[in-house]
Amino acid sequence: MSLPTILFWILAVISILSAIGVVVAKNPVHSVLLLIVTFFTITGFYILLNAQFLAVVHIIVYAGAIMVLFLFVIMLMNLNASGEPQKNNLVKFAGVVAGGLLLIVLVAALKKADTGMLIQGSTNIGLIQNLGKVLFKDFVLPFEVSSILFLSAMIGAIVIGKKD
Amino acid sequence: MPIQNYIWLSIALFSIGVIGVLIRRNAIVIFMCIELMLNAVNLLLVAFSKYHHDASAQIFVFFIMVVAAAEVSVGLAIIVMVYRHTKSVDVNILNRLKN
Amino acid sequence: MNALISTAVFGIFLMISGLFIKSKQAIRILAISGVVAAFVLNIIDFRQYGASATELFHGMLSVTNFGLLFIEIILGCVLVYFLLSGKDLANIGHYTGEYFALIFFILCGVVLAATYGNMLMLFLSIEIMSIPQYILAGSDKHNLKSHEASLKYFLMGAFSTGFLLMGIALLYGATGSFDITTMNLAGRPIDAMALAGIILIAFALAFKVSAAPFHFWTPDVYDGAPTVVTSFISTIVKVGGFVAFIRLFHIAFGSPDVDKHWLLVLSIITAATLIIGNVTAVFQQSVKRMLAYSSISQAGFMLFAVIAMNVLSWQGILLYAAAYSLATIGCFAILMKMKDYTYDGYNGLAQKQPLLALMNTIFLFSLVGIPATAGFLAKYFVLSAAVEKGGLLWLVILAVCCAAISAFYYFRLIWAMYFKAGDCQVEEHAITPAFKSVLALTALLVIILGVWPGLILAWI
């Protein structure tokens with residue numbers, strides 16, 4: 001086994017375990033921290049896949065901004081005392097069965113899909129120069145349109161978040 | 001490294017996120033599970049980007065991050081608003097009030 | 001793309017105007033003039049784009065005259081909505097300018113839904129339509145039900161977005177392209193990955209248009225949100241979701257060797273939507289909740305346009321969008337003037353406000369599908385599209401039965417207005433002559449469209 005393959009399996013095990021941890025952790029703060037671990041492993045996959053720029057952005061946006069926001073809100077509400085009312089076991093069981101069925105159906109469907117091998121070695125499509133060219137040439141309209149999305153999110157945070 | 005490994009991995013992460021949404025009642029944890037689902041999709045898109053040797057999937061991942069950031073700001077504002085009035089982030093707020 | 005630019009610019013303009021203009025009346029007039037401007041500017045676009053798609057911005061948008069016509073209908077409905085319910089929208093809370101700005105941003109999303117040419121634009125348009133809705137649903141900040149609506153809508157919407165993205169990712173993995181026209185699913189054996197992607201996208205979009213069995217968020221959200229917001233999200237945004245749905249499934253997945261894989265799934269969703277929407281609506285006591293379930297059942301009829309896939313279905317969705325939106329906006333505008341939202345609250349409306357009762361009757365007739373109203377022709381078009389497609393006769397028969405069931409709960413309201421004695425409480429001061437005349441014009445439009453559909457269809 002080559003080094004990337006070994007790294008893949010190590011990261012895969014860590015990410016699955018920490019993702020399960022996010023779901024089962026009783027304390028929301030633990031969920032946030034485990035989710036950050038998952039995000040770091042996903043960053044590792046991005047590097048393995050030669051998406052260097054995305055890896056950096058992912059760390060900055062997810063671990064740096066979004067999860068900090070989550071932590072702030074949780075601490076603001078003082079939720080770390082684990083007083084979450086639990087769903088009854090039947091609902092939980094049904095939820096696990098539904099999710100498991102989704103997994104099985106998708107796996108069964110995709111097992112037949114044609115398998116290809118990822119190209120060995122590095123490519124330069126994930127470099128900032130290449131991505132910048134694509135983003136500002138082919139994808140310039142979505143880039144502009146997403147500003148509307150941000151404006152409405154901004155209005156929303158003010159309209160909803162402000163005390164009357 | 002076959003592309004299938006990445007497909008299995010991201011489908012597994014996606015399903016764990018779905019299970020989390022279905023079994024938890026804390027709105028913040030549900031929201032985190034949704035973030036997990038989006039990240040599974042991001043991972044899949046990056047893997048396909050390398051497979052097809054095409055940068056547009058990586059650009060798509062950018063936009064998913066953009067939308068996730070916007071959604072988080074709105075979503076946490078909604079959760080804080082609910083918390084202010086009910087002192088709880090349980091998704092069944094009205095059921096809780098009836099009891 | 002004048003409509004895109006004008007709605008975005010007016011949205012930003014209104015957002016800032018809240019800072020300088022304190023009068024709610026002035027902001028409302030500004031918003032109405034914004035819609036009129038977008039309406040006029042969009043007409044100018046008609047000369048440039050024909051029936052075949054024009055690709056703009058490297059294939060991000062693919063503009064046809066169908067898309068422009070749809071935008072035109074939506075802008076017309078929003079104009080009616082602002083004229084009828086603009087005051088209620090301005091009075092939800094303190095942020096009048098912001099509410100109107102959010103409506104304009106949603107319009108921007110609808111414009112993109114009618115013209116997108118790339119999966120990325122589909123995703124962005126759905127999100128631009130959704131995020132302002134979460135905010136508007138929770139804008140009544142002193143009402144706990146509004147909070148619940150907002151939270152539920154947000155979590156469910158984000159959850160379904162996850163499915164949409166998974167579908168898009170799988171489809172990309174199978175085809176290597178995000179462009180809906182060059183995806184090229186036809187002409188080669190369809191791969192399991194693409195199929196899984198199509199089904200996931202279908203589920204996510206069914207969720208957005210509240211088709212059963214993905215409808216469970218709808219009654220609570222529509223009931224909990226402020227009535228004026230419910231009026232908007234159950235009409236304009238829902239048909240916006242439908243145009244995204246129909247364009248994706250016809251253009252990208254419409255070829256005969258692809259559609260046989262998803263047709264059965266969508267047929268079952270349609271049947272479930274019709275049955276659940278209509279049967280549950282019968283048991284409601286609140287008119288607002290009845291209209292929420294009625295919007296689910298009307299979604300079932302609109303789904304016929306998605307599964308039929310021929311010229312008639314494109315015409316049908318245009319007519320349906322206009323007929324359903326106008327009638328529902330009218331019903332909600334009258335509902336907002338009532339103090340009691342139950343059926344009993346309507347008792348004796350015909351004696352007190354004969355004009356309102358008459359207009360409400362016309363709107364309800366259109367929702368049932370009585371001949372000579374727009375709703376009848378819209379239903380006729382979508383159902384005959386399904387008959388022409390063939391193999392869907394069972395579904396058409398089911399739909400006709402469901403339309404008969406729907407007559408029960410719509411007529412119950414008419415019965416309460418005309419034949420039950422009672423003392424209904426109406427907000428008299430809000431029923432101005434201007435409101436009455438706009439309502440009468442809307443009802444007239446519903447009848448004109450029912451007699452002369454060429455008013456819309458001649459443009460396509």
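## Basis of the model

The structure is a predicted model, in which local features need pLDDT of at least 70 and side-chain atom pairs count only at pLDDT 80 or more, whereas totals for chains, interfaces and linings use all residues. Residues are numbered from 1 along each chain as its sequence is written, and chains are lettered from A and ligands numbered from 1 in the order in which they are written.

## Chain A

Chain A holds 6 helices and 0 strands, where helices (H or I, at least four residues) and strands (E, at least two) are DSSP runs numbered from the N terminus. The radius of gyration of chain A is 20 Å, well over the 15 Å that the globule rule gives for 164 residues, so chain A is more spread out than a compact globule; this radius is taken over C-alpha atoms, and the rule is 2.2 Å times the number of residues to the power 0.38. The C-alpha trace of chain A spans about 50 × 40 × 30 Å along its principal axes.

Of the 164 residues in chain A, 34% are buried, a residue being buried if 20 or more other C-beta atoms lie within 10 Å of its own, exposed if 12 or fewer, and partly exposed in between, with C-beta atoms placed from the backbone. Two residues are in contact if their C-beta atoms, placed from the backbone, lie within 7 Å, and among contacts in chain A between residues at least 6 apart in sequence, 57% join residues at least 24 apart.

## Domains of chain A

Chain A is divided into domain 1 (1-84) and domain 2 (124-164), with bounds that come from an automatic or database domain assignment. The C-alpha centres of domain 1 and domain 2 of chain A lie 23 Å apart, and 5 residues of domain 1 are in contact with 4 residues of domain 2.

## Contact between chains A and B

The contact takes 68 residues from chain A and 58 residues from chain B. On the side of chain A that touches chain B, the residues divide into 50 nonpolar, 15 polar and 3 charged; Ala, Val, Leu, Ile, Met, Phe, Trp, Tyr, Cys and Pro count as nonpolar, Asp, Glu, Lys and Arg as charged, and the others, Gly among them, as polar.

## Chain C

Chain C contains 19 helices and 2 strands. Its radius of gyration is 21 Å, which agrees with the value near 23 Å that a compact globule of 460 residues would have. Of the 460 residues of chain C, 62% count as buried, and residues 24 or more positions apart account for 80% of the contacts in chain C with a separation of 6 or more.

C:Val282 lies in helix α11 (residues 256-282) of chain C and is partly exposed, with 13 other C-beta atoms within 10 Å. Leaving aside neighbours within four places in sequence, C:Val282 is in contact with C:Ile405, C:Phe408 and C:Tyr409.

## The largest nonpolar core

A nonpolar core is a set of buried Ala, Val, Leu, Ile, Met, Phe, Trp, Tyr and Cys residues joined through C-beta atoms within 7 Å. In the largest one, of 298 residues, C:Phe304, C:Tyr320, C:Ala322, C:Ala323 and C:Val382 touch the most other members. Helix α3 (residues 56-86) of chain B gives the most to this core, with 21 residues, while domain 1 (1-84) and domain 2 (124-164) of chain A both give residues to this core, so the core lies between them.

Not counting residues up to four places away in sequence, C:Val382 touches several residues, among them C:Phe301, C:Phe304 and C:Tyr320.
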